[in-house]
Each structure stands twice: as C-alpha cells, then as structure tokens.
Amino acid sequence: MVAVIAPGPILSARGLTKHFGGLKAVENVDFDLTKGQVHALIGPNGAGKTTFVGLLSGRLAASAGRIEFDGQDITSLAAHSRAVRGIAYTFQITSIYTNLPVFDNVALAIQSRGSKTLKAESLAALDRVGLGSRADQIAGTLAYGHQRLLEVAMGLAMQPKLLILDEPTQGLGTAEIEVFNQLVRAITPEVTVLLIEHNMDVVMNLADRITVLNFGEKLATGTRAQIRADPAVQAAYLGG
Amino acid sequence: MKRALALHIAVLAVLFAAQFVLPPYHHTNIARIMVLAVFAMGYNIAFGYTGLLSLGHALFFAAGLYATGLGIEVWGVPTAVALILGVAAGGAIAAATGVLALRTGGVSFMIVTLMFAQTGYLTILYYGEYTRGDEGIVIARTARAISNLDFSADTPRYFTALALFSIALLVNLVLVRSRLGRSMIAMRENEERSRMLGYDPFRVKLIALSISGLYAGAAGAAYAVLFGYIGASFATIQYSILPLLYVLLGGAGTTLGPFLGALLMFYLIDISSGYTTAHLFVVGAALLVLVLFAPKGILGALREKGAKWLP
C-alpha cells in the first residue's frame, strides 16, 4: 500500500525577525512554503521582501526566529551550506560571472553539487533557457534579458528543492516574460518556487499562493482570490 | 586545449635546448629564473586565479628556504628529506596564515599577510643563533647533492631547475583547467554569487593559498640547494613584491605569465644595472608603461587581443 501524504511545508519560518539598528526590516514573520507550489511574495517597495528572502537563503543572519527546511533546522547554517541542501537564490540585481563564458557560469552551478557529466549537463541547462548556442560567449556581453535568463538557468542547474527568484522579470520584454512563465510552469511541482515580483500579471499567472509583506510584517497570506478580496491588502498595496 | 598544451611543451623544449647554447653566466641566470618563476606561479595561483592579493609570500618562500637549509646545516637531515621538508613547510605555513588571514579580505588581507611575513622575518633575526640572521648560512657543497646528483654543478643545477619548473607548470595548467581551478576563478570573479551556488569561499581560498604556499616552499627549498645560500634577506618585503611584479608583468591569471615576467624583469634589472645605479628607476618606468598600455600584463593583453585560448 502506498500512503498518499498531503504535501507538507518544505520550508517553515517562525517568528523570523531582522533588525538593522533601529530599523525593523522584518518583524516576527511566520511563513510556510508548500512543497511543489509557486508562492509569490509581494508588497510595496521597502516592505522587507528582499531582506526576508535573504534570511531564508542565508545571505543575512536572522536577529530572532527559526527556519526549518526539508525537516531540518537551518537557522544557523551559512548560505553555502543552505545552497548545498537545495536552496537556490537568484539575485535582484543580476549577478553572474560577467568575465567568464556562459558555459562556465552554469558549469559552476552544476559542479558545486557534483556531476559526472558536467559538459552535457551544462549544455542541457543552457538549452533549457534557449542559450545553448551562446555557450562560448562571454556572459557580460549577453543582452540584459539573456543575462537574466542565464541567472535563472544557473539557479535551475543547481537542481534545487527550493528556487528563490528575486524580481526575475524586472527589465524583461513581453516575449521574454512568456519564456520565463513557461519555464516556471515546467519546473513545478518538482521544484518549489518562491517569487518576489512586482509584475502583478506574472504573479496572478503563476502563483498558487501569495504572501503580502508591509513594513516588515506579514499582512496577509492566501490564494490569489483571497488576496484580491482582502481589504487590508487593497488598502496597503493594490490601491483599492 | 591542444594548442595550449603544445605551447607549454614548446616552451619547455626551448628551455631544455637552451642549456646547450647558453654561455655559463646566462646558464646560471636561467636556472635561477626558473626557480623564481615557480615561486611566481604559486603567487599567481593565489593572486591571478583566486584574487587573493597577498603581500606576504616571502614568508612561504623563506619557509621552504629555511626548512631545507636549516634541515641540512643545523638538524643534519639528508638532503632529499630536507627538500621535502621545505615544500611541506611552505604549504603548512601558508595554510596556517590562511586560516587567520582569510577571515579578512581586500586591503585588510594585504596588511595581515604583510604583518605575518614581517613577523617571519623578525623571527629569523631573533633566532640568529641558529639562522645567522642577515649574514645567513652558506650550505656546504658536499651537502648540496643527492647521491651522484651534484646540485652545485652547472648542468645538474639547470636540469633540476628545469624539472621543477616543468612539473610546476604542467600541474598549474591541469589545475586551472580543473573544477577546483574553475571554483578558484569563481571566487576572484564574484564571491557572493559563488557562495549562493554552494561554494564555501573560505574553504576554496584556503586550498588555493595552501597550493600557492606549496609552490613557494618548493621554490625556496630548491633555491637553497641549487644556489647554496640562505639568508634573512629572502624573507624581506622585497621577496613578497617580486613575485607580484613578475605576475603583473607577464600577465596575472595566465599560466606562462609568471615565467615570462620573471625572465623579463630579471634581465631588465640585470642589463640596466650594468649602465646605471638607478636601475630601480628603469624598473619603475617599465611598470608605468605596463600599467598604461597593458594593465593585464603581456600575456593578458595578448589574450584580450584575440589569443583567447591562452590558459
């Protein structure tokens, strides 16, 4: 008999707090990510979204609170250890190896988890985002949209359990956004996706659940319909 | 890859052939340059490939020099053992320095490594009873040999230097083409990105610095037996700056840059000091020209101009 288990949270944070001096960037946030879902994190500028995912990915150390990932307490783990455990992070401001060939960029993402077929896997990872023909090009000479896609390819190449995307569609054209949407749909539900996004079309298109942050606190969390209908969210963010 | 390997083998072949035609003076010079190039190659692994700007590599060179020299002269161990001791000392001191110094980065790293090297220099002077300080120790000619191989004679000396240089160069080539090499370059290019890809920057940099120390230690150990003298002057700041200059001149982050830089700088000083006592002025002028017209060094500039295959 195979027991059917309802998908549990792959990541849960309790009382997560980050203060910068007197500034409460993230204040006592409880947060759960359901395995296999696309979860969007929205909120006005300065709401603490990037800080919040910084705490999850380990770029920043939490002032208080606890984070569990895949059944283990990761609160005190360094960023690189979290990456090895399956949390991939793509930067808000494109961060690739601009002086290295495109191939090396994804190869670095793949070899960090160990691979016997580095070359083939790297080329496959590039094909996935349509950059296969540009493997030998220096990454810094790619068009901006392609650099964005390369960074997503690096995140995917890590074969993460959780992919955190910090404003991935910023600066992308409509056609590139469509490629991105298809990519996200193709990787779920194998990969759980946490998406910081300002483009509400992308959010409404992709997100299974949405969490709204405002002034570092969690304002609401729920399905698209619930968030649309929430009066507090409308007041704070959607301009209702 | 084939072109790169062919070039490296060609360079080694030229060096092999050169010993039959070189006059004795240049014969000794080239042997010395090859040993110094090994030191610079080690420096390049830390600086050129991993982005660690150290001002303390004299410490690792001196560790090799003194472990071998004192091993022979003071502790009386066999020459072969003393050489191994020298290589190990370079690696061990670099690793120990790295554990502490790599907690810093950038300018702080330069200063901390400089302080470590100064401490090493002062330690050598402090224990002058054994090290003979500035005066140094001349290693007995009889000890500068392993069975029939007499390192004080021209031909075996040249061959030994060439053998060491060949091994160091080929290991360097393999290293930079390896996954470890790629992760070292990743540290130089974008440390934060690398961390988020799952690399522990401290670990990668510590490995790179330790390998760098092994190279410096090997060069120091070889220098002691090939040229028969150890002294505190080899632990001064000058010997931390020299490999930096070689690497900058030849091309940081290129496998052949350290040798090319050592060769050119050595002869630049050698020739200019024949004409003027202000030979350091000539070196300074050459560096200015370099910074203005080829800031990435000679081979770095060639690579930018189209020879992309240069490793």
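Tutor: Gladly! In general, strands of a sheet pair through backbone hydrogen bonds, in either a parallel or an antiparallel way. Here, strand β7 (residues 162-166) of chain A pairs with strand β8 (residues 192-196) of chain A in the parallel sense, over five bridges. Keep in mind that this is a predicted model.

Student: Which residue of β8(A) stands opposite Leu163(A)?

Tutor: That is Val193(A).

Student: In what order do the six strands of the open sheet in chain A run?

Tutor: Reading across, the order is β6-β7-β8-β3-β9-β10, and the pairing is mixed. The edge strands of chain A are β6 (87-90) and β10 (217-222), each of which pairs on one side only. On average, neighbouring strands of this sheet are turned by 15° against each other, direction ignored.

Student: Now the helices. Which strands does helix α1 of chain A lie across?

Tutor: Helix α1 (residues 49-57) of chain A lies across β3 (38-42), β6, β7, β8 and β9 (209-214) of that chain, and runs at about 155° to β7(A). Helix α5 (residues 144-157) of chain A also packs on the sheet, where it touches β6 and β7 of chain A. The direction of α5 makes about 175° with that of β6(A).

Student: And how should I read the interface between the chains?

Tutor: Interface size is often given as the accessible area lost when the parts come together. For this model, let us look at contacts: 15 residues of chain B are in contact with 20 residues of chain A.

Student: Which element gives the most to the side of chain B that touches chain A?

Tutor: α8(B) does, with six residues. By class, that side of chain B has five nonpolar, three polar and seven charged residues.

Conventions
Residues are numbered from 1 along each chain as its sequence is written. Chains are lettered from A and ligands numbered from 1 in the order in which they are written. This is a predicted model: local features need pLDDT of at least 70, side-chain atom pairs count only at pLDDT 80 or more; totals for chains, interfaces and linings use all residues. Two strands pair if DSSP finds at least two bridges between them. Helices (H or I, at least four residues) and strands (E, at least two) are DSSP runs, numbered from the N terminus. Axes are lines fitted to C-alpha atoms, for helices over the stretch in contact, and angles run from 0 to 180 degrees between N-to-C directions. Two residues are in contact if their C-beta atoms, placed from the backbone, lie within 7 Å. Ala, Val, Leu, Ile, Met, Phe, Trp, Tyr, Cys and Pro count as nonpolar, Asp, Glu, Lys and Arg as charged, and the others, Gly among them, as polar.
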